[in-house]
Amino acid sequence: MNIAVIGLGTMGLPMALNLLQAGYSVTVHNRTRQREAAACDRGAIAADSPQTAAQGAEVIITCVSDSPDVEAVILGDKGIIQGAEPGSVVVDMSTISPEVTRHLAHQLHSRNIAMLDAPVSGGSEGAQKGTLSIMVGGDGAVLERVRPVLSVLGSTITHVGAIGSGQLTKAINQIIVAGTYWAVAEGLALGLKAGLDMDQVVQAVGGGAAGSWGLSHRSGHMIANDYPLGFRLRLHRKDLNIALAAARELGVVLPVSAYVEQMETGLIQQGYGDEDVSALARSIRQQSGL
């Protein structure tokens, strides 16, 4: 099976490398062309545009930053829609607007090109290890066609409904991440201010109802006030904006998410947007004099 991977950022590049390691023929394209070198060194073929990358590919994976980027890659000048063959499948693993996703799927369908929206959770660690959680919207039969490919990228692949449902599920994921990380940051700030042994605190609460992925994997960084990249804070803020827009449309109130979005906006303005999203703890520390 020939696969195209378009977008070789923090997530897309390790995805492409895992597909190459699994033995797939992979063509790659990235807006910043230098990013293609790491994949080409492992056997990928570089294409000069999304259109060229899509030619001859049975599965075309896109993983770029935001809704306008996906629209440009798929429908823009030299976009996927101009190169993809009828019967091929576009799998968008970006996190974008559900409304934009449905529009893109409609445009591709008119050319007999299928689309799945398949955003992911698990951060750069999950992308590197091939253990991502993949939330898939679209036709179930199309998913089964590409499941072997997705199985290289993720350990959990869940069909959550019609096209656009994957993006709504990812919005829910990011809402929960926002609340969890904020709660972890608040709890740790109290312990730090009280002068407790924070390693012991994390061990104690992690074994009970407060245990979470965020506590297990990010509390050490929050305690050290050091935030190496797993998932960029500015991208999480973008995802929260998608979630908040969907909530407004549906008449759902998300007060914690709205507050966290404001805190992230402040941190981005301070220059912390490219740190891990757990840098949310900076806000608590600043307000608490830590």
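Helices here are DSSP runs of H or I with at least four residues, numbered from the N terminus. This is a predicted model, so local features need pLDDT of at least 70 and side-chain atom pairs count only at pLDDT 80 or more, while totals for chains, interfaces and linings use all residues. Residues are numbered from 1 along each chain as its sequence is written, and side-chain values use heavy atoms, with hydrogens and water left out.

**View 1. A204 on helix α9.** Look for A204 in helix α9, which covers residues 198-206. A204 has 58% relative accessibility, so it counts as exposed (over 50% relative accessible area; buried is under 20%, partly exposed in between, with a 1.4 Å probe and protein chains only). L267 sits 63 residues from A204 along the chain, and their C-alpha atoms are 30 Å apart.

**View 2. The R234–D274 salt bridge.** R234 pairs up with D274, with 2.5 Å between the closest N and O atoms. This pair ties together distant parts of the chain, 40 residues apart: R234 belongs to helix α11 (residues 233-250), and D274 to the loop between α12 (255-269) and α13 (281-288). A salt bridge here is a side-chain nitrogen of Lys or Arg within 4 Å of a carboxyl oxygen of Asp or Glu. R234 is partly exposed at 36%, and D274 is partly exposed at 44%.

**View 3. Buried partners.** D239 and K238 form a salt bridge at 2.8 Å between the closest N and O atoms. D239 is buried at 2% relative accessible area, and K238 is buried at 12%. R282 and E275 also meet in a salt bridge (2.8 Å, N to O), and both are buried.

**View 4. A salt-bridge network.** E125, R218 and D276 are linked by salt bridges into a network. The structure holds nine salt bridges.

How values were computed
Helix = DSSP H or I, 4+ residues; strand = E, 2+ residues; numbered from the N terminus.
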